[in-house]
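The sequence and structure are shown first.

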Amino acid sequence: MAAAAAAAAAWLWSGLWNERFWFPANFSWADLERQEPGVGEVYPLPRHVWAAFPGALVLFALRQLFERFIARPCAALLNIQNCEPRTAQPNAILEKVFTSITKCPDARRLEGLSKQLDWDVRKIQRWFRHRRNKDKPSIHVKFCESMWRLAFYICIFTYGLRILWLDFLIMFIHHLLSVTLISFSYMNNMVRVGSLILLVHDTSDGFLEVAKISNYAKYQRVCDATFVLFCVVFIVTRLGIYPFWLLNTTLFESKEILGPYPSWWLFNGLLLIMQVLHVIWSYFIIRIAYKALAQGKVSKDERSDVESSSEEEDVTSSSRKGVLSSSSNDTSRINGHITSGQWAEEE
């Protein structure tokens, strides 16, 4: 049994690294190991991917230092206080219900808990509201997070421009693609198109983070202006440069030069899927921009706002009537970009 499993694993492993899948005709993995004498070419090697792990640790350490010594002082300068939400009174029974059953108990469960604990329903509702708020990041935390993302996007974008100016190949594929796809595209020496795609996709992200930082700091005009810039740059890069320049090269020009082969179909298929996502994201962004224009401003980020006491009254009223009311905003995030529930309230 063990021998059969080992044989199957070896067969799968050999199939995974099949040269006829990853390379066009007359190319092999050995070609990546060789360097042309006197030319100085160095091809990417599979073992280079291991460098991503220490790189991730370094990036994590840089983020901690940035938030502590740069983002937090900036938040204090803009008078964004690190206010902790009101904590819930310790209660083992309610904590078990919160962690194991539901974070928003219905009227029937509230009545049962009220009888079990000899608490009034409103007190139990208040406990659950405070407990939910405890798990949500504060405005201060979100501000520091956006500051870090802004710094990261600026550095990556600047680095990408510098690399292109120096005509030096780098490795990265758009962050929506899985780690496996990024690794294989690098190993397959397709880093030129990967670096260009990364550059195009990171261009608009800095404007988004500036808009969010301005929103947290209550600079509404700056928020509105940078959000408009984000919309314009996003649509130009994702629906203009990406399909008419990059996809044209990978789909048509490369086919004329090398001809199609198995991994060519795989990579181009994923790039086309990415373009479909671009259309979906653009729809949401245009929808948000339209609502922002209709309302006169970009609304607040509702991702983790602290619940107000008015929600208790609504739930209490519903409980008395025996009607269970539920409301949920469209707060999903796609590829780190906002959707309708985060920046524009539903009509």
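## Cysteines

The model is predicted, and the number of disulfides in it is 0. A disulfide would need two cysteine sulfur atoms within 2.5 Å.

Cys-104 is exposed, because its relative accessibility of 52% is over the 50% limit. Cys-231 has a relative accessible area of 8% and is therefore buried, the limit being under 20%.

## Aromatic pairs

The model holds 16 aromatic pairs. One of them joins Trp-13 and Trp-17: the ring centres are 5.6 Å apart and the planes stand at 65 degrees, so this pair is edge-to-face. The relative accessible area of Trp-13 is 56%, so Trp-13 counts as exposed.

Phe-98 and Trp-127 are also paired edge-to-face, at 6.4 Å between centres and 80 degrees between planes. Phe-98 belongs to helix α5 (residues 92–100) and Trp-127 to helix α7 (residues 121–134), so their pairing ties together parts 29 residues apart in sequence. Phe-98 is buried at 3% relative accessibility, and Trp-127 is buried at 4%.

## Aromatic cluster and a charge over a ring

Which residues form one aromatic cluster with Trp-13? The cluster consists of Trp-13, Trp-17, Phe-23 and Trp-29. Its member Trp-13 is the exposed residue described above, with a relative accessible area of 56%.

Lys-123 lies over the face of Trp-119, 4.3 Å from the centre of the ring.

## Salt bridges

Side chains of opposite charge can pair when their charged atoms come close. How many salt bridges does the model contain? The count is 2.

Arg-63 and Glu-67 form a salt bridge, with 2.9 Å from N to O. Both residues lie in helix α4, 4 residues apart, which is about one turn of the helix. Arg-63 has a relative accessible area of 29% and is partly exposed, whereas Glu-67, at 13%, counts as buried.

Arg-149 and Glu-145 form a salt bridge in which the closest N and O atoms are 3.1 Å apart. These two residues are both in helix α8 (residues 139–165), and they too are separated by 4 residues, about one turn of the helix. Arg-149 is partly exposed at 24% relative accessibility, while Glu-145 is buried, with a relative accessible area of 14%.

Is Phe-143 buried or exposed? Its relative accessible area is 0%, so Phe-143 is buried. The residue is placed in helix α8, the helix that also holds Arg-149 and Glu-145.

Leaving aside residues up to four places away in sequence, Phe-143 touches Ala-71, Cys-74, Ala-75, Leu-78, Ile-80, Ile-213 and Tyr-216. For Phe-143 and Ile-80, the C-alpha to C-alpha distance is 8.4 Å, while the separation in sequence is 63 residues.

## Confidence

The average pLDDT of the protein chain is 75, and 74% of the residues score at least 70. Where is confidence highest, and where is it lowest? Helix α4 (residues 52–77) has the highest mean, at 93, and helix α15 (residues 340–343) has the lowest, at 40.

## The chain as a whole

The protein chain has 15 helices and 0 strands. Of its 347 residues, 39% are buried. Among the buried residues described above are Phe-98, Trp-127 and Phe-143.

Among contacts between residues at least 6 apart in sequence, 77% join residues at least 24 apart. The separations of 29 residues for Phe-98 and Trp-127 and 63 residues for Phe-143 and Ile-80 are given above.

Methods: Residues numbered from 1 in each chain as written. Heavy atoms only, no water. Buried < 20%, exposed > 50% of the residue type's maximum accessible area, 1.4 Å probe, protein only. Phe/Tyr/Trp six-rings, centres within 6.5 Å; stacked < 30°, edge-to-face > 60°. Lys NZ or Arg CZ within 6 Å of the ring centre and 35° of its normal. pLDDT = per-residue confidence, 0-100. Salt bridge = Lys/Arg side-chain N within 4 Å of Asp/Glu carboxyl O. Contact = heavy atoms within 4.5 Å.
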